[in-house]
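Here is a short briefing on one structure. Look it over first, then read the points by topic.

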Amino acid sequence: MINEMFENVNLLQKGLDAAWTRNGVIMNNIANVDTANFKSSSVTFESAMKQALSEDEIKFEAKTTRPEHYDFSDSAAEDVSPTVVTDTDTDYRMDGNNVDIDYESTELAKNTLWYYELSEQVSSEFSKLKTAISG
Amino acid sequence: MGFLSSIDISGSALTAQRLRMDVISNNIANAETAETENGEPYRRKVCVLSERRSFSSVLGDQIGSGVKVSEITEDDSDFELEYDPDNPLANAEGYVQMPNVDEIEEIIDLMEATRSYEANVTAMNATKSMAIKALEIGG
Amino acid sequence: MAINAVSGAVSGVGGISASQSTAQTSGSGFSNILTDAINDIEQTETEANEANEALLTGESDDLHTAIIAAQKAEIAVSYAVQIRNRVLESYNTVMNMQV
C-alpha cells in the first residue's frame, strides 16, 4: 500500500537524483574550464525516462484488462537512472579543452530551476497525502 | 564521497584559480626584474591545471572531483632583449636580457582566471541554494 | 407475494447472522490492512534510519534523499494511526449494535 501511495514521490525522487548528479557534472565542467585536454560531460536522463514511461503506459493498458492488481515494481520507470556521458566529439580550443563556459552556465541555471520545481512537486505530493490521511 | 561533496568540486577550482592568479601577479610584478639570484632574468612561471579524480565517488569515478594545480613550471621561451647600453647588465652589443613576461598576455590570463573564479562561485552558490531548497521539502 | 414475504423474513434472519459474519470478515480485512500498515512503518523507518546514518557518516552527497525518507516514515506512521482509529471505531460500532 505504501509503495502505491509513494509512486509519484518515488518518480520525482529519481528526477531529484538525476538533477543532483547533473549538478555535480556541470560543476566539474566549470571547475575544469582551463584544464588542457579536458572534455566536458553531460548527464542523460529525461529521454530514458520518457521512453520508460511510454513503455509503462502500454503495459498499463494491457493490465487494466486483466484482474491482477498493477504492480509498480514491474514498471520500466523504476529502472531508469542518470547516465554520465563524456563529449569527446567537439574540439573547442587549442589546448584541447572543449568546455563552453556559457553553455555550462545556462545548463547550471536550468538544472537548478528543475531541482527547485521537483522539490516543490514532492512537497505538494506529501501535503496531498497528509491531507488525504488525516481527512 | 562526503556530505555535499559536490561543493568541494567548485571549492577546488576556487583554490586552483586563486593560485593561478597569484602566479600571474608574480609574473607581472617581476616583468622588469633583469637579475635574480641565479644571475639570470626572472623567468615566467606557468600553472598547469589538471582534473582531480576521486576514487571513492558514488558513481564509480564517472564524476570528476574538480581541478588542481598539478605543477608550476617555468616557461622555457627565450628572454627578451632590450637595447640599453648604459645598463651595467648590458652585454657586448648593448643588449640586456629581460624576463620573458608579456604583460598584456599576463593581464589577459588574469582576466580569464578571474572569470573562471567567478563562474565557480556561481556554481557553488547554485548548489547551496539547491540544498537549502531540498530542506524545505515537506514544509 | 406471500412466498416473497417468507423468503424476505428468512433472508432477514439470515441477514443478521450474515452481518455478524460480515463483522468478523471485515474485522479480519481490517486487521490485514493494519498489519500491512505496520509493516510499511517498519520499512519506511528502516529507510529513514539508513538515510540518517549516511548523513551522519558523511556518506551521502545530497540532502533530498534523507528528507524524503523522513517524510515517508512520518506519513506511514500517520496512516497506520488512522487505520487503527478506524478499526477501533468499527469494532466499537459493531459491539454496540443491538442484535
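Into which domains is chain A divided? Chain A splits into domain 1 (2–44 + 84–134) and domain 2 (46–80); such bounds come from an automatic or database domain assignment. This is a predicted model, in which local features need pLDDT of at least 70, side-chain atom pairs count only at pLDDT 80 or more, and totals for chains, interfaces and linings use all residues. Residues are numbered from 1 along each chain as its sequence is written, while chains are lettered from A and ligands numbered from 1 in the order in which they are written.

**Domains of chain A**

- The contact takes 6 residues from domain 1 of chain A and 5 residues from domain 2 of chain A. Two residues are in contact if their C-beta atoms, placed from the backbone, lie within 7 Å.
- On the side of domain 1 of chain A that touches domain 2 of chain A, the elements giving two or more residues are α1 (2–5) and α2 (7–31) of chain A. Helices (H or I, at least four residues) and strands (E, at least two) are DSSP runs, numbered from the N terminus.
- α2(A) gives the most to that side, with 3 residues.
- By class, that side of domain 1 of chain A has 1 nonpolar, 2 polar and 3 charged residues. Ala, Val, Leu, Ile, Met, Phe, Trp, Tyr, Cys and Pro count as nonpolar, Asp, Glu, Lys and Arg as charged, and the others, Gly among them, as polar.

**Chain B and its neighbours**

- 28 residues of chain B touch 26 residues of chain A.
- On chain B, α1 (6–29), β1 (45–51) and α2 (103–135) are the elements that give two or more residues to this side. α2(B) gives the most, with 10 residues.
- This side of chain B has 12 nonpolar, 13 polar and 3 charged residues.
- Chain B also meets chain C: 12 residues of chain B are in contact with 10 residues of chain C.
- α2(B) supplies the largest share of the side of chain B that touches chain C, 3 residues. That side divides into 8 nonpolar, 4 polar and no charged residues.

**Helix packing**

- Two packed helices are described by the angle between their axes and the distance between the axes. Axes are lines fitted to C-alpha atoms, for helices over the stretch in contact, and angles run from 0 to 180 degrees between N-to-C directions.
- α1(B) and α2(B) pack at about 160 degrees, with their axes 9 Å apart. α1(B) is therefore roughly antiparallel (over 145 degrees) to α2(B).
- Their contact has 12 nonpolar, 8 polar and 5 charged residues.
- α4 (residues 101–134) of chain A and α2 (residues 64–95) of chain C pack at about 10 degrees, with their axes 9 Å apart. α4(A) is therefore roughly parallel (under 35 degrees) to α2(C).
- Residues making this contact include A:Phe126 and A:Leu129 of α4(A), and C:Ile75 and C:Tyr79 of α2(C).
- The residues of the contact of α4(A) with α2(C) divide into 7 nonpolar, 6 polar and 1 charged.

- Chain C has 2 helices and 0 strands.
- Of its 99 residues, 23% count as buried. A residue is buried if 20 or more other C-beta atoms lie within 10 Å of its own, exposed if 12 or fewer, and partly exposed in between.
- A:Glu120 sits in helix α4 of chain A. A:Glu120 is partly exposed, with 14 other C-beta atoms within 10 Å.

Note on methods
Parallel < 35°, antiparallel > 145°, perpendicular 65-115°, else oblique.
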